[in-house]
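Subject: Structure handover

Hello,

Here is the structure I said I would pass on. My notes on it follow below the entry.

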Amino acid sequence: MSVAPKRRLRTLLATAAACIAGAAGVVALPALDGAAVAQTACGANSPHATVTGSSGAYVTKEGSTTVYSGGDYRAAVQAGVDTISSGQRVAVMASGNIGASTITIQSGKTFEGCGMITVGNRSGRGAIEAINTTNVNIAYLKMSGNPYFGLRFSGTNGLELGDIDLTLSGGLGIRFDRDAAWNYDVTMNDVYVSGAGSHAVETWNIDGFNITRVTARNVGQSGLLIQNSRNGWVGTVDGDNVAAGTGYATFRMANTNGKTSSGGYATNIWVDNVISRGGGRGVFCVSQSGGVVIKNVDLANNGNNAILIENCYNVSIRGGTVNGGGEVRLAARTEFANNEDVWITLRVDNTSVRESPCGENTNWTITGNASVNVC
């Protein structure tokens, strides 16, 4: 089975589970025969604008009015975005190549990239951007190529990312800028990134996020890297051959991630599941981050630490398994305060568990055949 059908099945099953848990005990399961799909198909239900055609001959229409006709794919796509108003939707049905350029999405608009958008590398910029916007929705996107950033965001409020498929040959997948305005109420549904030379998803400065799933395959650095963000939930981070030979991880928290607006580390980030196979680290918390509960991990044969917690505060890993690969480690750098308030409950086999130096209020519950050297 190809990647796309697997991802659509996950969406159907998640929708079914949500229906079972519906109000007042009502159960309303969708049909799983292909006739009833949980999410409206890309480009369905009469979008306000469409981009159609093929190489050298693209047509952009708003309703029955042609707003672009010609051979420039990027211009055709941007014309479709620009012609709609807030609250409206553009569907890019055509495939094409925008080169080393950028598509900009303004506030209130919904973008559906149904065709394959091939991109080039524009230094410091995203192939698709939404900067200082409210209620932008990228409901679907298929992207290939080697971008600097596939998607780039900052200063957003109410940003929604739906079914995002980035099959890359380098670059960074999704980036929220570091030295820029904060983002509020970010939603990501199902993000798949393969082949990125850097991170699959890198976030900075988000207050309020819900990330259902990030799947990373053959990615050079992190699968999901969350930095200086707070008040969020992550469903599943799933990495295979992520961060090989680096200090990154399938799931990494860094740079005061989870630090609340009042300066403490009360629990404000919840992660349901981290899956990691091979590559580099599985889970990594570093540089004064914390305030997090990870309910379950499933880590095997990671080439660096399976888990590394370094200068983090109020971190709880409540269950799961580690099998082989690098050790489970609590460590500390001298420039930051040592680990404090850490709870680790795991089955660990065929690798080791070590704490050095001793943290403050560290709590271990380890089963399996691991060698254990903790305080």
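This is a predicted model: local features need pLDDT of at least 70, side-chain atom pairs count only at pLDDT 80 or more; totals for chains, interfaces and linings use all residues.

Overall make-up

The chain has 375 residues, of which 52% count as buried. Its secondary structure consists of two helices and 27 strands. Among contacts with a separation of 6 or more, 54% are between residues 24 or more positions apart.

Helix 2

Helix 2 covers residues 73–83, and eight of its eleven residues are buried, so the rest of the structure largely encloses it. The buried ones are Tyr-73, Ala-75, Ala-76, Val-77, Gln-78, Ala-79, Gly-80 and Val-81. The N-terminal end of the helix is capped by Asp-72, which has a side-chain oxygen 3.1 Å from the backbone nitrogen of Arg-74.

Strand 6 (residues 103–104) runs parallel to strand 8, with two bridges between them. In this pairing Thr-104 is opposite Glu-129 of strand 8. Strand 8 (residues 126–131) is in turn joined to strand 10 by five bridges, also in parallel. There, Ala-130 is opposite Phe-153 of strand 10. Strand 10 also pairs with strand 12 (residues 172–176), in the parallel sense and over four bridges, and Leu-151 is opposite Ile-174 of strand 12.

As for burial, five of the six residues of strand 8 are buried, so strand 8 is largely enclosed by the rest of the structure. Strand 10 (residues 149–154) is mostly covered, with six of its six residues buried. When you look at the side chains here, note that in a regular strand they alternate between the two faces of the sheet.

Nonpolar cores

The largest nonpolar core has 82 residues, and the members that touch the most others are Phe-111, Ile-138, Leu-141, Ile-174, Phe-251 and Ile-294. Another core lies apart from it and has seven residues, among them Ala-249, Ala-254, Phe-284 and Val-286. Beyond its neighbours within four places in sequence, Leu-141 is in contact with Phe-111, Gly-113, Ile-117, Ile-128, Leu-151, Asp-163, Ile-164, Asp-165 and Leu-166.

Salt bridges

The structure holds 15 salt bridges. In one of them, the side chains of Glu-112 and Arg-89 meet at 3.1 Å, N to O. Glu-112 is in strand 7 (residues 110–119) and Arg-89 is in strand 4 (residues 89–92), so this pair ties together parts that are 23 residues apart in sequence. Glu-112 is buried at a relative accessible area of 5%, and Arg-89 is buried at 15%.

Arg-175 and Glu-202 form another salt bridge, with their closest N and O atoms 2.9 Å apart. Since Arg-175 belongs to strand 12 and Glu-202 to strand 14 (residues 201–204), the pair ties together parts 27 residues apart in sequence. Both Arg-175 and Glu-202 are buried.

Asp-179 counts as exposed because its relative accessibility is 67%, the cut-off for exposed being over 50%. There is also a network of salt bridges that share partners, which joins Arg-125, Glu-129, Arg-152, Arg-175, Asp-177 and Glu-202.

Asp-207

Asp-207 is in strand 15 (residues 206–219). Why does Asp-207 count as buried? Its relative accessibility is 17%, and buried means under 20%. The side chains of Asp-207 and Asn-231 are joined by a polar contact of 2.8 Å. Not counting residues up to four places away in sequence, Asp-207 touches Trp-182, Asn-183, Tyr-184, Asp-185, Arg-230 and Asn-231.

Regards

How values were computed: Residues are numbered from 1 along each chain as its sequence is written. Side-chain values use heavy atoms; hydrogens and water are left out. Buried means under 20% relative accessible area, exposed over 50%, partly exposed in between (1.4 Å probe, protein chains only). Contact means heavy atoms within 4.5 Å. A polar contact is a pair of N or O atoms within 3.5 Å; within protein, one must be able to donate a hydrogen and the other to accept it, and residues adjacent in sequence count only if both atoms are side-chain atoms. A nonpolar core is a set of buried Ala, Val, Leu, Ile, Met, Phe, Trp, Tyr and Cys residues joined through side-chain atoms within 4.5 Å. Two strands pair if DSSP finds at least two bridges between them. A salt bridge is a side-chain nitrogen of Lys or Arg within 4 Å of a carboxyl oxygen of Asp or Glu.
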